[in-house]
Every structure is written in C-alpha cells, then in structure tokens.
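The points below go from the chain as a whole to individual side chains.

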Amino acid sequence: MTVEFCHAKLSALDHPLTALFVDCDSFFASVEQHLDPALRGRPVGVAPVMAESSCCIAASYEAKAYGVKTGTRISDARVLCPGITIVESKPKEYIAIHHRIVEAVEDCIHVEQVLSIDEMWAWLPFNLREPSTVAKIGRKIKDTVAKEVSPFIKVSIGAAPNKYLAKMASKMRKPDGLFLIESKDLPEVLYELKLRDLTGIARRTEARLHAAGIHTIEALCQAPKNLLHGVWGGVLGDRLWHLLRGDEIPELVSARKSIGHSHVLPPEHRHPDKAWPILCKLLHKACERLRSHGLLCGALTMQLSYLRGPAWAPEIRMPETDSTLRLMHLLDRLWRERPEPREKILQVGVVLTRLIAHESHTPELFQSFVAESMEQPKARLRHTMRRISPPRRRFLRCSTSSTRA
Ligand SMILES: [Mg+2]
C-alpha cells in the first residue's frame, strides 16, 4: 500500500471485543431447504405471493450465484436462473425456526437483543473478550444451531469492539462466516468493503460522499469528523466517525417528539373534496422531514377542525416506518372514518409521533422483513415523486405551521 497514514490506527485506545453479531444466511431460503430435502443444493427463490410480478424476499446461495437477490422480480429471477424453484413464503415456519435459533444462541451466550427475524447480537462480558475465547463462542453457536435447529441453516458471526462493526464483521465472510474485527486491525480491515456495504450509507448518502471527494472506505476512514458531520448534515456523521474507530457509543434516541404540519383552509378549500389533497400534501411534507432527520414514526395523528362541531384528531399506531405510501394508506383509512363526512373543514393537520432513530429501529419479525423487501421499488417511486413534485415555495406557503418538539 502506497498511501501513508501518519495516524493509520484510527484510535489510540485498544478497544476490546465487546459485541458479537449473529446473522442467518439466506434465512427464508435456508428454512425452505431445511423443510424440503428436494430443495437442498438447488437454487431457490422465496416469494411472498406466487405471482410473476412479485419479487424474491430471499434467495438461496445457489440462486445468488446466478445474480438473483432479495428484491429481484420473479419473472427476472427465472431469466437469470432458469433452474430456479420459486416457493411461497411460510411465515409461521420462519418464526418458529427463528425462536429455536434464538434459543440455540442463548445456550451459548446471553442474547442482548433480537434485531430482526434473522439477526441478533450479544454483549461480551469482561471475561469473554479474548479473541480466541470469542472465536470459540462463535464456533459453539454454529455447532449448536446445526445440532439443535438444522444443519441446513447456517449463521454468519461477527465480533468487534462495537455492535456496528460486529454487524459489518458478520457480513464480511458470508456464508457460514466467523470473523473478528480487532481494534489493532482498524481501519485496514474495512478497506475490502464498498461504501454502500456500510449500514447507514444508502444511494443518496453515497452520492453526497462522492461529492465530498470520498469514494472508498479508506477515504471515509481517514476523513475528519467535521467532514462527515457535513455530509450527514448532523450527528449521524459524527457517530459513524466514532463507530469506525471502534468506539462504543449509546444508541441514538431521538430528542424530537413529533413532526407535524397543519393548515388553515381558505373558504374555497373547505369542502372535504378540496381539503383532502391539502391533507395529503401536508403528510408528504412531514414524511420528507421525517426522513431528512433519519427518523421513523410509530404513530400518525390526523387533525380536523370543522367549521361547526367539535374537532377530530384520531391517532393510529403502526410498526415504525418512514414510508410515505404506507402512511398515506393509514391517513386514507382515518379520513374515511371521519365523522360528519359532508361537513366543511376549517383546518387540517397531520402529526407523526413515537419517533425513533433509524439505527435504533428493531423491525418486527417477518412482517417488516417482507415490507422492507417490498420497500425497494417504493423507495424508487418516492425518489421519482420527489423529482416530479413542484418546488416547495409553491406549496402552502402562507399559513402552514409546523409542530416541533
Ligand atoms: Mg441474514
């Protein structure tokens, strides 16, 4: 390597291994291969519904070798991999196996937190931080899962000085991996990754990093903290700077309590048919703000003040989301349930509450995994909608008020 690092080691402190991350490999597809011997060693795609327009929510490693991934349309998967077998997902089976895997890991080390249907992590106590000890625990977990659950379901295990890096480590030697990121190996050990491999770097963040002259993990690791702060537009950049150095930092809890917008309607917009599009725009705007802060919301309140009669402000709760489409669906539901559907409306508003930082989010088991997989086309749609939406200054300029914590 020709680049000189006068401060090649990212941290002066030698951080011990404190986090162990367990990630099942191609979980749904592996469960299918466990359940049906005929599928073992063969390319398998799992679909939420049996339709060519549907998409894979998992692919076996044999299918991945042909380029089939989570999110690949079934019709495309058949072109990429003509021998592929598509099976319909079996959520109950996946959840049952999930619980058995958690139990198996718990037999080896206490599970600190289950993060999704195929991910969990454990905090390593003081007496279990030697690399050889951690590797032994990792091998024990693999053996126990194979013995107690199924030899056809493999787990990849990573350990590092913090949970973030442990998750990265679990992904760096898939499938059936066991990889430790030790403090002494930082940052070089991360250089094999691409920017998008890091949790927290999606397409738009990657574009901002490129604009800041950062094209590789090496450049990212050497970038000063204030540069990352600028790229992320806040503390998320500072957090990543610390996490890449192996620092343990508390989970981000949002100080913001709510994001909302309301609008007093002029007389010509008080008919419900005219008020509804304005309410929708308010929700779109709130969702944009939600995402710009890196937050998810767990509750939506719709506020209606009638020209006559009492105001109505129902709340609906849901698994945390930042999806405009999902929230629009819920808003539509509340709107249809409103009392006095013909009454004129004086003011409309939306408030998003139960906010949580994206990285602190624990997805619901099967349901949200599927939702996330199905989210990819929706994310593209959102991006397109943003591009075609009118400039902000044309939008409810005069009397929109925002609700902040
Ligand atoms: Mg996995």
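This is a predicted model: local features need pLDDT of at least 70, side-chain atom pairs count only at pLDDT 80 or more; totals for chains, interfaces and linings use all residues.

1. The partner of Glu32. This residue forms a salt bridge with Lys90, and the closest N and O atoms of the two are 2.6 Å apart. The pair links distant parts of the chain, since Glu32 belongs to helix α1 (residues 27-35) while Lys90 sits in the loop between β4 (85-88) and α4 (91-106), 58 residues apart.

2. The chain as a whole. The protein chain has 405 residues, of which 50% count as buried, and its secondary structure comes to 13 helices and 14 strands. Among the contacts with a separation of 6 or more, 67% are accounted for by residues 24 or more positions apart. The accessible surface of the protein chain comes to about 20,100 Å², and 55% of that area belongs to carbon and sulfur atoms.

3. Further salt bridges. How many salt bridges does the structure hold? There are 14 salt bridges, and one of them joins the side chains of Asp185 and Lys184, at 3.4 Å from N to O. Asp185 is partly exposed, its relative accessible area being 26%.

4. The pair of Glu206 and Arg196. The side chains of Glu206 and Arg196 meet in a salt bridge, with 3.4 Å from N to O. Glu206 lies in helix α7 (residues 203-211) and Arg196 in the loop between β8 (178-180) and α7, so this pair ties together parts that are 10 residues apart in sequence. Arg196 counts as partly exposed, at 43% relative accessibility.

5. A network of charges. Salt bridges that share partners join Asp23, Asp25, Glu119, Lys167, Lys171 and Lys174 into one network, which a reader may wish to view as a group.

6. Aromatic pairs. The structure holds 5 aromatic pairs. In one of them, the rings of Phe27 and Phe28 have centres 5.8 Å apart and planes at 55°, so the pair is tilted. Phe27 is buried, with a relative accessible area of 3%, and Phe28 also counts as buried, at 1% relative accessibility. Ring pairs link Phe27 and Phe28 with Tyr94 into a cluster.

7. An edge-to-face pair. How are the rings of Trp123 and Phe126 arranged? They form an edge-to-face aromatic pair, with 5.9 Å from centre to centre and 85° between the planes. Trp123 is partly exposed, with a relative accessible area of 32%, whereas Phe126 counts as exposed, at 69% relative accessibility.

Key
Residues are numbered from 1 along each chain as its sequence is written. Side-chain values use heavy atoms; hydrogens and water are left out. A salt bridge is a side-chain nitrogen of Lys or Arg within 4 Å of a carboxyl oxygen of Asp or Glu. Helices (H or I, at least four residues) and strands (E, at least two) are DSSP runs, numbered from the N terminus. Buried means under 20% relative accessible area, exposed over 50%, partly exposed in between (1.4 Å probe, protein chains only). Rings of Phe, Tyr and Trp (its six-membered ring) pair if their centres lie within 6.5 Å; planes under 30 degrees apart count as stacked, over 60 as edge-to-face and the rest as tilted. Contact means heavy atoms within 4.5 Å. Accessible areas come from the Shrake-Rupley method with a 1.4 Å probe; for residues, only the protein chains shown count as cover.
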